[in-house]
Amino acid sequence: MNFPAKPQQKKNIYLDYAATTPTDSRVVEVMIPFFTEKFANPSALYAASREVNGFLNDARRSVASILHTLPDTIFFTSGGTESDNLAILGTARAHAKSGKHIITSEIEHHAVLHACHELEKEGFDVTYLKPDSQGFISPKKVTAALKPDTILVTIMLANNEIGTVEPIAEIGKEILKWRKSNATMHPFFHTDACQAGGVLDLDIEKLHVDLLTLNGGKIYGPKGVGILFKRRNVSVKPLLVGGGQETRVRAGTENMPAIVGFAKALELVQENRQDENMRLIDLRNYFWSQLEKNIPRIRLNGADLAGNEMSRLPNNLNISILDIEGEALLLYLDEYGIMCSTGSACTSESLDPSHVLLSIGLPYEYAHGSLRFTLGKRTTKDDIDYVITYLPSIVEKLREISPVNLQVNPQVNTHPKYHQR
Amino acid sequence: MNTQGAKIRDTHGGSWLYSDIVKDHFFNPRNILKHGEEEQYEADGIGRVGSPACGDEMVLWLKIDSKTERITDCRWQTFGCGSAIASTSMLSVMLTENGGMTLTNALKIKPQDIMERLGGLPARKIHCSVLGDKALRAAVNDWFRKTGQHQRIITEGSKVVDSLLNITDHDIEEAVLEGAKTLEDVQQKLKVGIASPDAIPEIEQLIRFYSEKYYGV
């Protein structure tokens, strides 16, 4: 087998933007003064504090205007995990008297799923909806699961593994209708929008959501900062107690450098999102066409690329390569400077393969051989060509030492049996 | 180069610290049986364990000198992660070096012997090295069967410890390999002993035994 010689100069090809993004230098620039000069605690009374407090308000206003809401509905947190936890644990605990039923999906991020598991321990009842074979949660399934004691529905805006964009606006509308016809304020509707912050319109009036999570580390902003949008009529029981910051919803001295960085990052990605989406869709589709041409027996996981362009995140490509295992592939790719991720069990703490891939009906052997490439701002066609130069022979080499020889079944997860659940 | 003889490279299980030996065997696997050569290889014993659905599958081909009972050649194919591939490669080297191992000695190889030769594995990768000795046992059994030595076949001595749930000592072993350290951990995975509290002392003893066997603690 002709195994291509390693490149003389190893390139670093980062294709894991769904894990985290590099911070934009323009973002870093606005953050710096808040470390050394504008370091005062925004809660104090003197002029230096009042100045910093002014910047805190500006950041809040800026985020609010992008979400088409009022500043007092934006709460700064330590990131996506905290915002998801606060939205779910906080809302459920504050509204438990009105009901103890929650609806979510099987393919949520663990920050949502594990929060739901916590609530189950506290006596809440959680319905986990199953997506279809491309990862879509149907609004009909959501309405069918609604009960008089449902207090919260939480469905992600876009999936982090397969990039499926959920019909949040439609689900939101259905929930509004339900609330109106039942003359109730429940259930509230939360969406985890972490993967969509730089991609989709975040207008909360169009999305019809009551709570929304975003984080900085996925939108070319700093890590360790996020926001929770929360309508005024939704009360949450705080997770952190202490000082009265963030109108007593989230105690702790405001992380000013990160907060101004987050606001700037969101502004920048939203400004440029349509052009960048188009560029990434072209690049991603080119990538898949080359993979399909050069590697036999592979499968695209998630929403169809030929379908509605915005039903899948523009930067997401999730594939299964049969007969080889994802971690082995990652190790090889790393030798060539290519960084991506896998849904294989061997990289997870739990020894189970990706819950998302299993939930869309893929058999274990497809999940073990899965790779996720997520493209971003710095990704070029040259990067994709570099991957295409090496990946096919890496696959060939690993298949050469594998005793397995499966055939791709395109209908693998569309069997009627799978849809019974 | 890692010089520490550590068996477990990372107790937090969060890192990718593979030793240079593991990397060498992963990128340059020894003794592979190429596709298409399986038929003409004329193995004396073949062992196949695992499945792609489990994340690991391994096939081992052995040539055995029936007079000396030494393993004269060993070839393999593995579907699995880096550790699984490197472990099989190392096992094939151990079996065939210095004129080949006798069956008696080969059957004494334990997962931690392979791990030691590899310069250790990250804690959460230990389970990847256990398939090798199972494949070896299957291949040797295959040879025993083919040569009519049925009395020598090694049967997996599973012992039921919780008869209500039909859980065996092997299930406990698997749970420990997957990271369970206490009775609570094992119960979370297997529910073992919850309905049969009489079994708990024996379960605790097995957890201690396997923890010691694989982790030395």
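Predicted model: local features only at pLDDT ≥ 70, side-chain atom pairs only at ≥ 80, totals over all residues.
**His68(A).** I counted 13 C-beta neighbours inside 10 Å, so His68(A) is partly exposed. The limits I applied are 20 or more for buried and 12 or fewer for exposed. Next I looked up the backbone. Phi of His68(A) is positive, about 55°, and the residue is not a glycine. I placed His68(A) in the loop between α3 (47-66) and β2 (74-77) of chain A.

**Asp323(A).** I then turned to another positive phi. Asp323(A) has phi near 75°, and this residue too is other than glycine. Where does Asp323(A) sit in chain A? I found it in the loop between β10 (316-321) and α11 (326-335). Is Asp323(A) buried or exposed? It has 20 C-beta neighbours inside 10 Å and therefore counts as buried.

**Pro187(A).** I checked the peptide bond from His186(A) to Pro187(A). That bond is cis, with omega near 0°. Pro187(A) belongs to the loop between α7 (168-181) and β6 (188-192) of chain A.

**Chain A overall.** I stepped back to the whole chain. I noted 15 helices and twelve strands in chain A. Along the principal axes, its C-alpha trace spans about 70 × 55 × 35 Å. Does the radius of gyration agree or disagree with a compact globule? A compact globule of 421 residues would have a value near 22 Å; chain A has 22 Å, so the two agree. I also looked up burial: 48% of the 421 residues in chain A are buried. For contacts, I took those with a separation of 6 or more. Residues 24 or more positions apart account for 73% of these in chain A.

**Chain B against chain A.** Last, I went to the interface. I found 20 residues of chain B in contact with 21 residues of chain A. Which elements of chain B give two or more residues to the side that touches chain A? They are β2 (56-65), β3 (70-79) and α2 (82-96) of chain B. Among these, β3(B) gives the most, with three residues.

- His68(A) is partly exposed, with phi of about 55°.
- Asp323(A) is buried, with phi near 75°.

Definitions and conventions:
Residues numbered from 1 in each chain as written. Chains lettered and ligands numbered in written order. Contact = placed C-beta atoms within 7 Å. Helix = DSSP H or I, 4+ residues; strand = E, 2+ residues; numbered from the N terminus. Rg over C-alpha atoms; globule rule 2.2 N^0.38 Å.
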